[in-house]
Amino acid sequence: MAKKNNLGAYNIEDLRLMAKKKLPRGIFGFIDGGAEDHIGVQNNRDAYTQLKIKNRVLIDVSKRSTKTTVFGKEIAMPYGISPTGSAGIAWYGGEIGLAQAAKKMNVPCTVALNALTSMEDIWEQGGGNLWFQLYMWADKEMSKKFMDKVKAVGFETLIVTVDGPVHSNREYNKKNGFSMPLKYSPTMIAQLLAKPGWLIRVLGQHYLRQGTPKKENYPPELARKITDKETADKHVKSDTQNWDDIQFIRDMWPGNMMIKGLQSAEDAVLAKERGLDGVVMSNHGGRYVDCAPAPLQVLAETRAAVGDDFSVIIDSGARRGSDLVKAIACGADMVMSGRPTLFGTAAAGMPGAYRALEIFHTEMDRVMAQLGLNSIDEIGPEIFWNPPEWVPKPKPALKAAAE
Amino acid sequence: MAKNNYGAYNIEDLRQLAKKRVPKGVFDYVNGGAEDGIAVQNNRDAYTQLKIKNRVLIDVSKRSTETTIFGKKIAMPYGISPTGTAGLMWFGGEAGLAIAAEKMGVPCTVALNAQTSMEEIREAAPNADLWFQVYTWPDKDLSLKQIERIKSVGFETLIVTVDGPVGSNREYNHKNGFSMPLKYSPRLFAQLLARPGWLVRVLGQHYLKRGAPTMVNYPEELMSKITDPMLKHMFTKVDNVTWEHIHRIRDVFPGNLLIKGLQSKEDAVLAKENGLQGVIMSNHGGRYVDCAPAPLQVVGETREAVGDDFTVIIDSGARRGSDLVKAIACGANMVMSGRPTLFGAAVAGTHGSYRALEIFKVEMDRVMAQLGLNSVDEIGPEIFWNPPEWVRKPKTQLKAAAE
């Protein structure tokens, strides 16, 4: 890799530390933190790092490939960018940078409903294999109009996030004075002034070119400046949301549709029965239920419950290329995460986001070679040494046990 | 909402604030455990190791944390454990606990060791669901006299603490020079002077208004000032108290009678056989047997042994609203703890104690919504992912196994 492009970051943690230096404390905390005691955040990592993988030697791996296919499209590796609302406060127009980086790498990127850049701008200037994410609104007419717009822009894959019937408990935001609606409190202003580079490069540019940052994708009838006192939150379908609301969207949306934020195999089965095309198992990066299991831990039981012909993606916690291999071995079709490319974005905009993807890709390619694997299809639970009981059994072992 | 959150967003915040306000010896006395602190840690670990799974797309808009205990509806399955030190956290802190519990609608236990009389506490919170806690003595007349006083004040529920046949081993008290009877040693004096606010607000007020703190809830024969070198209740031999002494109380107390401080299901069965109304499984907040199991760990086997029609409460270790949900799922009727509201009392008296209760309530409500639960009756072991063997099995699973 040419030196000028690696930004001095050799892994995702390096990008994280760079982001920490560049972002105001409250904003970095908002991106980096989890719910309550951060048990979930830590467990998401531990689930990956506790799995031991064994190499296989003397296999010709010169023709290996990390490529796979998701929803009929070939992608460079089984990885996609999760929806996040804060790319635009990590970098001015950061959402476009994410889309461009994903296009360059050829992996899917999800545009978040809460983005500060409009979906049209991201579609036109970013392009690539773009998915769209939404929260549900109470007003059905408004939802219908909105879905028509998402379709008209050209999105084919839709993710509905369903894990937030109530707000999450992230106490550090309150302590940092970071809240939505954004309030320019004295503590917040002090934090912003401590990062003058960010203030000019991100917030200053935004105010100069577009005024106060807005949730540009919200329907015009909803208040949407991030500093507005009355936010669109109250219009969001919240603690009454149920499967009928999902059915309503399913009936309107002809493309691929998934729900995101599941931890139970039972819910994945219900999603399949409702005619969805897949699920994103997720604990929202440890940001909702602090004692939730890691998606990696519930993956095998979910795969066993829904069968092989249903897309199961897992989110939350992947930070190394080896994690992608482990997730595939446990039964996932693809892995997503939000923070790695956000850290990259905060570090250097589009090249930073691309660097995050490049790290995943390079690391995955390397570990496949080390494990003697030539293609995604060859990745299975045989790679593990002494796995915990939530890892699926290798097929030969199942066969042997049956005999 | 409390009129002020005191910058405390969780129980740990209250603990940290309390530490700053209370003299070291007094704080450690409240905060610490026996010997190596193993049980204190294990009480927390028992809760935090349990993984809970969300269920999505369930209408939870009509959810409630309410439950019923001894025929009374309470706001959540939580009550305040008896503690002797509320009066050292805040002047008249015991009345503050009762008022906070009254406002929240949860039971509060008045401790025998309180420095405010049971009559005064009753008067301060006339509508509170107040319980009373006693130790019992071999001397029959003393015990009966005590019960008469408790009855005459109007307490309907009585807890007899039975886990202290001998004094416990809390070494830091010796090291801090904090002992009962209280001796104003130079070391303790220095600690008191380091907290002048506390000295004026708490101890000063006490001496001014009431004289030296006194064990005002003991029978006259045992009542003495905490500075009395012959602190009478402490030198009364209790290591020969048996079930027979419990019978004496049962025979004269017409209300609900519970014993507190059990770790064995066998003892819970004996309590039921001896005609009590319930038990409080407890290791005294890790303050007696350092290697005791957490009450959460033994509640499943206890429930199985005593059946569904006997009240089993667990004490020790709950610090999050999700802990209440976990305890109910493991078979408890209610959870109690002592330290959270004591920390609150140290921070801001009644309001601080109320803040602690509010944190539990808000957190429990949130996690119920996230887990798709509408009532306390819906909480069962199905919420757990991959629980340890001491968590009881879901009923559906038991049924399936039987077939």
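How many residues does the contact take from chain B and from chain A? The contact takes 30 residues from chain A and 24 residues from chain B, where two residues are in contact if their C-beta atoms, placed from the backbone, lie within 7 Å.

This is a predicted model: local features need pLDDT of at least 70, side-chain atom pairs count only at pLDDT 80 or more, and totals for chains, interfaces and linings use all residues. Residues are numbered from 1 along each chain as its sequence is written, and chains are lettered from A and ligands numbered from 1 in the order in which they are written.

**Chain A as a whole**

Next, select chain A. Chain A has 18 helices and 12 strands; helices (H or I, at least four residues) and strands (E, at least two) are DSSP runs, numbered from the N terminus. The radius of gyration of chain A is 21 Å, close to the 22 Å that the globule rule gives for 403 residues, so chain A is as compact as a globular protein of that length. The radius is taken over C-alpha atoms, and the rule is 2.2 Å times the number of residues to the power 0.38. The C-alpha trace of chain A spans about 65 × 50 × 40 Å along its principal axes.

Of the 403 residues of chain A, 49% count as buried. A residue is buried if 20 or more other C-beta atoms lie within 10 Å of its own, exposed if 12 or fewer, and partly exposed in between, with C-beta atoms placed from the backbone. Among contacts in chain A between residues at least 6 apart in sequence, 72% join residues at least 24 apart.

**Two residues of chain A**

Select Ser322(A), which lies in helix H15 (residues 321-329) of chain A. Ser322(A) is buried, with 22 other C-beta atoms within 10 Å. Leaving aside neighbours within four places in sequence, Ser322(A) is in contact with Ile53(A), Glu363(A) and Val367(A). Phe360(A) is 38 residues from Ser322(A) in sequence and 8.3 Å from it in space, C-alpha to C-alpha.

Then go to Asn55(A), in the loop between strand S1 (52-53) and strand S2 (68-70) of chain A. Asn55(A) counts as exposed, with 12 C-beta neighbours inside 10 Å. Not counting residues up to four places away in sequence, Asn55(A) touches Gln370(A), Leu371(A) and Gly372(A).

**Strand S8 of chain B**

Move to strand S8 (residues 256-262) of chain B. Strand S7 (residues 157-161) of chain B runs parallel to S8(B) and is joined to it by 5 bridges; two strands pair if DSSP finds at least two bridges between them. The bridge partner of Thr161(B) in S8(B) is Lys260(B).

S8(B) also pairs in the parallel sense with strand S9 (residues 278-281) of chain B, over 4 bridges. Here Leu258(B) stands opposite Gly278(B) in S9(B).

**Ala332 of chain B**

Finally, select Ala332(B). Leaving aside neighbours within four places in sequence, Ala332(B) is in contact with Val299(B), Val312(B), Ile313(B), Ile314(B) and Ala327(B).
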